[in-house]
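Please look through the sequence and the model shown here before reading on. The text then goes through the structure step by step.

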Amino acid sequence: MHIVYPAVVSALLFSIGVYGVLARRNTILVLMSVELMLNAVNLNLVAFDVWLADRLHSGQVLTLFVIVIAAAEVGLGLAIVLALYRNRRTVDLDHLRALAEPETATGPEQEDSGAGGLTGTARESPQPVNVAAPQGAAEERRTAEGEAQAEGGGGGGQAVRRERGTL
C-alpha cells in the first residue's frame, strides 16, 4: 500500500472538518466536524504505523486512546448542548456567544432597599425574548397615526407616542 492515498484522504477529511467547525452555526454540527477531524488524525496514525512497520504498533495504540478521548468528548459535548438548550432554547452558536444569562421579557428584577435581595417573587427559568414586533403591531401603529393626523393635523406621531408612553 502506498502512503500517499491514506494521507490524501486524511487531509481531505481534516479539511472538511475544519470547514465544518468554521462555517457551521449549529453546535451539533460543530461537534460532528470535530469528530471528523479526529478520525482523519486516526487514519493518519494507522497509515503511518503500517507504512513504518512498527513492531510495537504505537500508531494503532495511540489511535485507541484518541477514540476513547473522542467518546468522552462527545458525551461531555452533548451534555453541554442539552444544558444550553434547556436554558437558552437554541443551539445556534451566534446566540450563545454571550456568557450572561438572557434577560427576561419583564425586565431586570428590582432589589429590596433593606435586604438587597430579590423581591418576593421566585426567579423563573429564563425564556428567550422575542425581538420582532407582533404581526399586527405595525398595522395598529399606522392606523393610530392616521387617526391622530386626521384629528389634529401634522402632530399625529407625537400623539401616538404619548399614548404609548414613549415620549
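This is a predicted model: local features need pLDDT of at least 70, side-chain atom pairs count only at pLDDT 80 or more; totals for chains, interfaces and linings use all residues.

Residues are numbered from 1 along each chain as its sequence is written, and side-chain values use heavy atoms, with hydrogens and water left out.

The protein chain has five helices and zero strands; helices (H or I, at least four residues) and strands (E, at least two) are DSSP runs, numbered from the N terminus. Read from the N terminus, the order of elements is α-α-α-α-α. The chain has 167 residues, and 18% of them count as buried. Here buried means under 20% relative accessible area, exposed over 50%, and partly exposed in between, with a 1.4 Å probe and protein chains only. Taking contacts (heavy atoms within 4.5 Å) between residues at least 6 apart in sequence, 48% join residues at least 24 apart.

Helix 2 covers residues 27-52. Its 26 residues, at 1.5 Å a residue, should span 38 Å, and because the C-alpha atoms at its ends are 38 Å apart, the two values agree. The expected span is 1.5 Å times one less than the number of residues. At the start of helix 2, a side-chain oxygen of asparagine 26 comes to within 3.1 Å of the backbone nitrogen of isoleucine 28. Buried residues of helix 2 include Thr27, Val30, Leu31 and Ser33, and also Met37, Ala40 and Ala47. Helix 1 (4-23) and helix 3 (58-88) are among what covers the buried residues of helix 2.

How do helix 1 and helix 2 cross? Their axes come within 8 Å, at an angle of roughly 160°; axes are lines fitted to C-alpha atoms, for helices over the stretch in contact, and angles run from 0 to 180 degrees between N-to-C directions. The two helices, helix 1 and helix 2, are therefore roughly antiparallel, a term for angles over 145 degrees. On the helix 1 side, the contact includes Pro6, Ser10, Leu13, Gly17 and Val21, and on the helix 2 side it includes Val30, Met37, Ala40, Val41 and Asn44.

Serine 10 lies in helix 1 and counts as buried, at 2% relative accessibility. Leaving out residues up to four places away in sequence, serine 10 touches Ala40, Val41, Leu43 and Asn44.

Glycine 77 is found in helix 3. Glycine 77 is buried, with a relative accessible area of 11%. The C-alpha atoms of glycine 77 and isoleucine 28 are separated by 8.6 Å, although these residues are 49 residues apart along the chain.

The loop between helix 2 and helix 3 remains. Most residues other than glycine have a negative phi. Alanine 53, which follows helix 2, has a positive phi, near 55°. Alanine 53 is placed in the loop between helix 2 and helix 3 and counts as exposed at 60% relative accessibility. Histidine 57 is in the loop between helix 2 and helix 3, and its phi is positive too, about 55°, although it is not a glycine. At 39% relative accessibility, histidine 57 counts as partly exposed.

How values were computed:
A polar contact is a pair of N or O atoms within 3.5 Å; within protein, one must be able to donate a hydrogen and the other to accept it, and residues adjacent in sequence count only if both atoms are side-chain atoms. Angles under 35 degrees count as roughly parallel, over 145 as roughly antiparallel, 65 to 115 as roughly perpendicular and the rest as oblique.
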